[in-house]
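Dear colleague,

Please find the structure below, together with its sequence. My notes on it follow.

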Amino acid sequence: MSTATAARAKAPGAPAKKRKMSWPVVLLLIAGALVLFSVVGVITGNHSLTSSGQVTAALSAAVPIGMAGLGGLWSERAGVVNIGLEGMMVAGTFCGAWGGYLVSPWFGLVAGMLGGALGGLLHAVITVTFGVDHIVSGVGVNLLIPGICAYVNRIYYKDYISAGAGANQSPPADPLPYITIPGLSSGLKDIEAHHWFVVSDVAGVLGGLVTNISVVVLLAGALIVASYFALWRTVFGLRLRSCGENPTAAESLGVNVYKYKYLAVIMSGAFAGLAGAYLSLVAAHFYKDGQTNGRGFIGLAAMIFGNWMPGGLAMGAGLFGFTDSLQLRDPESVHALILVVAIAMALLAAWHLYRRKYTAAVVSLVVSGGLFAWYLSTDEVQRPLIVATPYVITLVVLALASQRLRPPKADGQIYRKGQGK
């Protein structure tokens, strides 16, 4: 055997290298999903799952999840676990509504990001400077900030609340603009109305991307793309990520580890604050207790599903946003979704059989059979199950994705300056 051949040979016991999902495979999966939705639409007569209204609602629901997840990505790439995203989102909802009511909704977005950034600064001081366990600090942030916001809101808007506006609710702010591309939007809607196989489904998806889209949705997409270039295509990003992989080695090369951790966690809070400001300025136009409704944790799940990468995070946020938006649809749509998942699990079982993964095939087949039985024995899904769908999907997706995850090596570790000497 030649030296080159020997070098390429896999060492005994070495783990097999995992293949990355290429863009052609991703596009093929998207095309397959559209065909599956079309088939189910023909069977059930319900085409709402790929309607423009569903896609627009899914995008709207994906923004706070995606921005919270992006905040988690920045923080954890620098080695700091940030489960305080929920509390930082609450800071964003309060500061965003406050700035939007007193000045303008655009100022409210900035104020929301600043409020979240202050929450990130608090988390950075506790974890980076004082070396407190990251989970303990995150739980503290989640308990402290909502309490402060609720207390200040009750005092600051005392007259408004006493006038019958409801418990702990702020006055409404002016709305932010929405964008619709004329001509293209109406043309796609006409094609969608014909319910042509696959063609109308594609038109519905594209129509949802150009109809009644908030400017914050476009801003969120731009921030995800910009984060990829900042973290993976710049010297700044390389140094920040080195703090999450091996801070001791980074320090030995002259990187100020504390500075990069601080910057990452503050940016993390700013993104979470933007997610909260979106909820109080776009989704509801006011601040109210419990507005985040656990989306900070779902954002963390989207980040983990995306394997700590912006592209994967975007797909995870889209998936969770789609399930979250189902609460706004009719129960028949969710009932049709059961059939979609049942067929998908049957196809997955066939794929596992082809690859001779018999245990996974049996599990997928059992789940598929259970979903088919559920679909055939019911006419609609009860409202409590629809509300719980995003959280159930979060647990299922994380369970299925757990085998391919690769977090930063020093994520969550307490680092002290000079510890490598």
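In these notes, a residue is called buried when its relative accessible area is under 20%, exposed when it is over 50%, and partly exposed in between (1.4 Å probe, protein chains only). Please note that this is a predicted model, in which local features need pLDDT of at least 70 and side-chain atom pairs count only at pLDDT 80 or more, while totals for chains, interfaces and linings use all residues. Residues are numbered from 1 along each chain as its sequence is written, and side-chain values use heavy atoms, with hydrogens and water left out.

I begin with the cysteines. Cys-149 is buried, at a relative accessible area of 7%, and Cys-243 is buried as well, at 0%. A disulfide is taken here as a pair of cysteine sulfur atoms within 2.5 Å, and the structure holds zero of them. For Cys-149, the closest cysteine sulfur belongs to Cys-95 and is 6.2 Å away, too far for a bond.

Next, the interior. A nonpolar core is a set of buried Ala, Val, Leu, Ile, Met, Phe, Trp, Tyr and Cys residues joined through side-chain atoms within 4.5 Å. The largest one has 61 residues, of which Met-67 and Val-216 touch the most other members. At least two residues of this core come from each of helices H3 (52–77), H4, H6, H10 (215–232), H11 (235–245), H13 (257–283), H14 and H15; helices (H or I, at least four residues) are DSSP runs, numbered from the N terminus, as are strands (E, at least two). H13 gives the largest share, twelve residues. Another core, of 20 residues, lies apart from it and includes Val-40, Leu-339, Ile-343 and Ile-386.

Contact means heavy atoms within 4.5 Å. Leaving out residues up to four places away in sequence, Val-216 touches Val-63, Leu-109, Leu-176, Tyr-278 and Val-282. Ala-220, in helix H10, is buried at 7% relative accessibility. Beyond its neighbours within four places in sequence, Ala-220 is in contact with Val-63 and Met-67. Ala-220 and Met-67 are 153 residues apart along the chain, yet their C-alpha atoms are separated by 6.8 Å. In helix H6, Ser-137 counts as buried at 3% relative accessibility and touches His-123, Ile-126 and Thr-127, with residues up to four places away in sequence not counted.

On the surface there is a nonpolar patch with about 1,100 Å² of accessible area together, its members including Trp-98, Phe-107, Leu-122 and Tyr-156. Patches are made of residues with over 30% relative accessible area and no salt bridge, like charges being joined within 9 Å and nonpolar side chains (Val, Leu, Ile, Met, Phe, Trp, Tyr) within 5 Å. A salt bridge is a side-chain nitrogen of Lys or Arg within 4 Å of a carboxyl oxygen of Asp or Glu, and accessible areas come from the Shrake-Rupley method with a 1.4 Å probe, only the protein chains shown counting as cover for residues. Helices H4 (85–102), H5 (105–129) and H6 (134–156) each supply at least two residues of the patch, with the largest share, six residues, coming from H6. Ile-148 is placed in H6 and is partly exposed, at 44% relative accessibility.

Asn-307 is buried at 18% relative accessible area, and Trp-308 is buried at 6%.

With kind regards
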